[in-house]
Amino acid sequence: MGFIHDFSKILFATCRDVLPIILLITCFQLVVLRQPIPHLRRLVVGGVYVVLGLALFLAGLEKALFPLGKIMATQLSDPVFIYGAGKEVLQADWKAYGWVYLFAAMIGFATTIAEPSLIAVAYKANEVSAGTISQWGLRLTVAVGVAFGISLGTFRIVTGTPLYLYILIGYMIVIVQTLFAPKSIIPLAYDSGGVTTSTVTVPLVAALGLGLSATVPGRNPALDGFGLIAFASLCPIITVLGYSQFMHWRVQRKTKIREKRDAL
Amino acid sequence: MIITVILKKLRAAVADLLPIVLVIAFFQIVVLKQPLPHMGEVLFGTLLVVVGLTLFVQGLEMGLFPIGETMAHALARKGSLFWLLCFAFALGFSTTVAEPALIAVAAEAAEIAGKGGLIDPGQESLQRYAFGLRMSVAFSVGLAILIGVMRIIRGWPIHYLIIGGYVLVMLMTIIAPDEIIGIAYDAGGVTTSTITVPLVAALGVGLASIIKGRSPLVDGFGLIAFASLLPMIFVMGYGVIIFG
């Protein structure tokens, strides 16, 4: 019974999310466009699938993976686990948090692979590029970026270094990469920063950030708990641009070698 | 025939979820050395997640993508820039303003500002602050989609706009109060929900594919990038104005 109650609550919330979109589209159809929507039945069925699927997805996560992941995040950042029982720690030692960095990286990677909005964008990119951008290639590259980002973000919380320094350096890297990257990948790379952090990643990552900033000696959850999501949206841009540059460079080198061989 | 299609989709969903299950199992058993609790519940939940993801992806192909593209085509064919921009702004604003993640973040941010002595810690002033924060984020997302659609129509190169945005973020970071910076940076990430992203992506690609001289790959993407950049600037701007 408890589950049905939880599920209907989530289903209701998802419906509320969709409501403004339905209102907006209906309004535009009736007032501005004044023409029937083609394949209306199929669209409605698809819409129902999306809402139902998302609600099931979230309900399942809440039931199975989130509780465990959240408990894990607090347990791993617990000083008793990190420094051993009975030790008084005044100053955080960043070298002692190895498992935390590893957990951050792995959970960042794993949640990004399961992120529905990234699946959607990868699907679209694959379709639009006529198959040259592979869905899994894009998703894995983005996931590696998120893994690195969250890991770096936990390192920042442990050391207490200012957030803006990391972000500013990250922006510099993105700007320099933009100058050299193939033009066709740039919009997609920028987009991949925004899509990585939603339904699956945010709850687990937020739990990790708050858990860490509450238990690391000398950190204030109010000031240091934020910022992990910012890392998770910045780093994928860097990895996607980097990967495309690498592929571009490899193709160029191959053609150059071939040209040389042909010339001989 | 249908069964093989369904099985294929289910298998794809299982592949999407496998890493998360493996990571949690690994840390639970190997690192924390604890048994997996409530196995039955975990398995049931995982089953729901797999079925849910399969349905969602099916719904994307049938509903969300086509509706985004149909709207883009219909509005572009109508030829009225005003209505197209209206639609873009309304889509960004209306999907963000009631977003639960944003409401949670805004309330939390108000609490922090109240504790830090930046605003009057009374209930009313906290609520006013949180509401203002939400409105500035929703407005900025609406504006972001509008600018993004403008870019697709005019064919402006995206990197000038984004890099200009980055420079603005950097400048705002210098003048914004410390208490708002972390929230502002995170606000960029939490605004775009799972239902909005496919719709916005389809809108961009749909527009770019119907307007002459635009390529869907080069011009169709980038709307989400604006929607995650502009809120940072607006939230920091809000902080500067409120805290003087």
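Trainee: What does the domain assignment give for chain A?
Mentor: In this predicted model, chain A is assigned domain 1, covering 1–63, and domain 2, covering 77–263.

Trainee: How far apart do the C-alpha centres of domain 1 and domain 2 of chain A lie?
Mentor: Those two centres are 31 Å apart.

Trainee: And the secondary structure of chain A, how many helices and strands?
Mentor: Chain A has 11 helices and 0 strands. Its C-alpha atoms fill a box of roughly 75 × 70 × 30 Å along the principal axes. Of its 264 residues, 48% are buried.

Trainee: What about the contacts in chain A with a separation of 6 or more?
Mentor: In chain A, 83% of those contacts are between residues 24 or more positions apart.

Trainee: Now chain B. How many helices and strands there?
Mentor: Chain B contains 10 helices and 0 strands. The C-alpha trace of chain B spans about 60 × 55 × 30 Å along its principal axes, and 52% of its 244 residues count as buried. For contacts in chain B between residues at least 6 apart in sequence, 81% join residues at least 24 apart.

Trainee: Which confidence values go with chain B?
Mentor: The mean pLDDT of chain B is 85, with 99% of its residues at 70 or more. For the model, ipTM is 0.86 and pTM is 0.88.

Trainee: I would like to look at H7(A). What is its span from first C-alpha to last?
Mentor: H7(A) has 18 residues and reaches 27 Å, close to the 26 Å expected at 1.5 Å a residue.

Trainee: Which of its residues are buried?
Mentor: The buried residues of H7(A) are A:Leu163, A:Tyr166, A:Ile167, A:Gly170, A:Tyr171, A:Val174 and A:Thr178. They cover an arc of only 135° around the axis, so they sit on the same side of H7(A).

Trainee: Why would a spacing like that put residues on one side?
Mentor: An α-helix has 3.6 residues a turn, so residues three or four places apart point the same way.

Trainee: Which residues are exposed on the other side of H7(A)?
Mentor: A:Leu165, A:Ile169, A:Met172, A:Val176, A:Leu179 and A:Phe180 are exposed there.

Trainee: And what covers the buried residues of H7(A)?
Mentor: The cover includes H6 (135–159), H8 and H11 of chain A, together with H6 (158–175) and H7 (178–190) of chain B.

Trainee: One more item. Where does B:Pro121 lie?
Mentor: B:Pro121 is in the loop between helix H4 (100–115) and helix H5 (123–154) of chain B.

Trainee: Why does B:Pro121 count as partly exposed?
Mentor: Because B:Pro121 has 14 C-beta neighbours inside 10 Å, a number between the limits of 12 or fewer for exposed and 20 or more for buried.

Trainee: What is B:Pro121 in contact with, leaving aside its neighbours within four places in sequence?
Mentor: B:Pro121 contacts B:Gly114 and B:Leu126. Its C-alpha atom is also separated by 7.9 Å from that of B:Glu111, 10 residues apart along the chain.

How values were computed. Residues are numbered from 1 along each chain as its sequence is written. Chains are lettered from A and ligands numbered from 1 in the order in which they are written. This is a predicted model: local features need pLDDT of at least 70, side-chain atom pairs count only at pLDDT 80 or more; totals for chains, interfaces and linings use all residues. Domain bounds come from an automatic or database domain assignment. pLDDT is the predictor's confidence in each residue, from 0 to 100. Helices (H or I, at least four residues) and strands (E, at least two) are DSSP runs, numbered from the N terminus. Two residues are in contact if their C-beta atoms, placed from the backbone, lie within 7 Å. The expected span of a helix is 1.5 Å times one less than its number of residues. The arc is that of the directions from the helix axis to the C-beta atoms.
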